[in-house]
Amino acid sequence: MEAKRPQEMDLFKVAGVQIAIDYSWLIIFALVLWSLSAGYFPALHPGNTYLEYWIVGLVATLLFFASIVIHELSHAVVANRLGQPVERISLFIFGGMAHLGHEPTSARDELKIAAAGPITSFVLGAFFLAIPRVFGLDESLSMWASVFNYLGFINFALGLFNLLPGFPLDGGRILRAVLWQRSGDFRQATASASEWGKGIAYGLIFLGALQIFAGALIGGIWLIFIALFLKGAASSSYQSLVIEQVLGSLHVSDLMVRDPITIDAETTVADVINDHFMRHGHGGYPVIRDNHVVGLISLGQIRDCPAGERASKRVSEIMRPVDPAIVIAPTAPVSNALRQMAESDSGRLLVMEQERLIGLITRSAIAHFIMLRSQLGFAPPSQTKSAPAPEAHPA
């Protein structure tokens, strides 16, 4: 099951897929709402009340983000039907993200999943543009006609933007599918699509700079931010793939620390520092109470505890309580553990079997293994069928 991220808030489920918002999404929601309510609609329809502008602006903003959710859901529905599990969709400051459990196992599946998003956006765009025409709404007189025309335009723009042939955009995934189908080399196809993604990112940075020089400061800066996000996503996607191939078919049980040192929940923070962190030198430990695991304590929590309170505070007061985000099964692939650590913002995971602690897997142990394997000359194969990189769709 896809774990909830600390910086996200779950909203609702659709077709078994959890919809969540990253807290950064609140920033872009507020900016879109303000720009529509205080700028776009008042400029098109002067003379209305502030309340009318903000009501219309709120409806347009909600429908805009609903369109992004539907775009991502189309990916999820197609992926799930093809046996590629998607259990979570996140909205964040640059758009939406469907969390694929692993990459498609064939170029044809990749093409179907990637194409679903832009097709859905174009269908939504046509639907919204048809509404004022079907009901005879005149945009010069009705703000609601302007709302639907805006939503039609923005959905077509979203679809076209995602068709840019740069990974990890939909167009980049379509490009990868085509290259993969032709060459049979998934890794090389990913590398090529990622390079295209970087090239498109540099092009967007150039366009953003031109906008700034032309006087569109906010628009130019925003385009540059999106470009930097795309560039980082393109690089990290390929790096993740290479790491997955180095890890091969390893499971958590292969790299975990068995029977790790544990800390009692009622131990004081000062004693934990002296008896565990300073003595053993590890970065974190499982916390137990009555022989049951109740949480994780790490250097981050220790640092955040004021020095004057460490002698009196208990570990249970500052630890991270057990939740699905920091628990993993011993049979899970190591690649899943890496992704889960990144999503849960934790450098280690509790390895549990039937609610019993059997080990601890850490990011440092995985990194050490990757370094050793690379130095010993174990080159990754040229083709792979699974690499867990989430699909991102900036809007």
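This is a predicted model: local features need pLDDT of at least 70, side-chain atom pairs count only at pLDDT 80 or more; totals for chains, interfaces and linings use all residues.
Modeller: Residues are numbered from 1 along each chain as its sequence is written, and side-chain values use heavy atoms, with hydrogens and water left out.

Biologist: Why is α6 called roughly antiparallel to α7?

Modeller: The axes of α6 (residues 186–213) and α7 (residues 217–247) come within 8 Å and cross at roughly 165 degrees. Angles under 35 degrees count as roughly parallel, over 145 as roughly antiparallel, 65 to 115 as roughly perpendicular and the rest as oblique. Therefore α6 is roughly antiparallel to α7. The axes are lines fitted to C-alpha atoms, for helices over the stretch in contact, with angles from 0 to 180 degrees between N-to-C directions. Helices (H or I, at least four residues) and strands (E, at least two) are DSSP runs, numbered from the N terminus.

Biologist: What makes up the contact of α6 with α7?

Modeller: Its residues divide into 20 nonpolar, 9 polar and 3 charged. Here Ala, Val, Leu, Ile, Met, Phe, Trp, Tyr, Cys and Pro count as nonpolar, Asp, Glu, Lys and Arg as charged, and the others, Gly among them, as polar.

Biologist: Why is α1 called oblique to α2?

Modeller: The axes of α1 and α2 (residues 50–81) also come within 8 Å, and cross at roughly 135 degrees. That angle makes α1 oblique to α2.

Biologist: How do you know that Asp 10 forms a salt bridge with Arg 88?

Modeller: A salt bridge needs a side-chain nitrogen of Lys or Arg within 4 Å of a carboxyl oxygen of Asp or Glu. The closest N and O atoms of Asp 10 and Arg 88 are 2.5 Å apart, and the pair counts as a salt bridge. Asp 10 is in strand β1 and Arg 88 in strand β3 (residues 86–92), 78 residues apart. By this rule the count comes to 7 salt bridges.

Biologist: What makes Asp 290 stand out in phi?

Modeller: Phi of Asp 290 is near 55 degrees, a positive value in a residue other than glycine. Asp 290 lies in the loop between β7 (284–289) and β8 (292–298).

Biologist: Which residues does a cis peptide bond join?

Modeller: The bond joins Phe 167 and Pro 168, with omega about 10 degrees. Pro 168 is found in the loop between α4 (143–162) and α5 (170–183).
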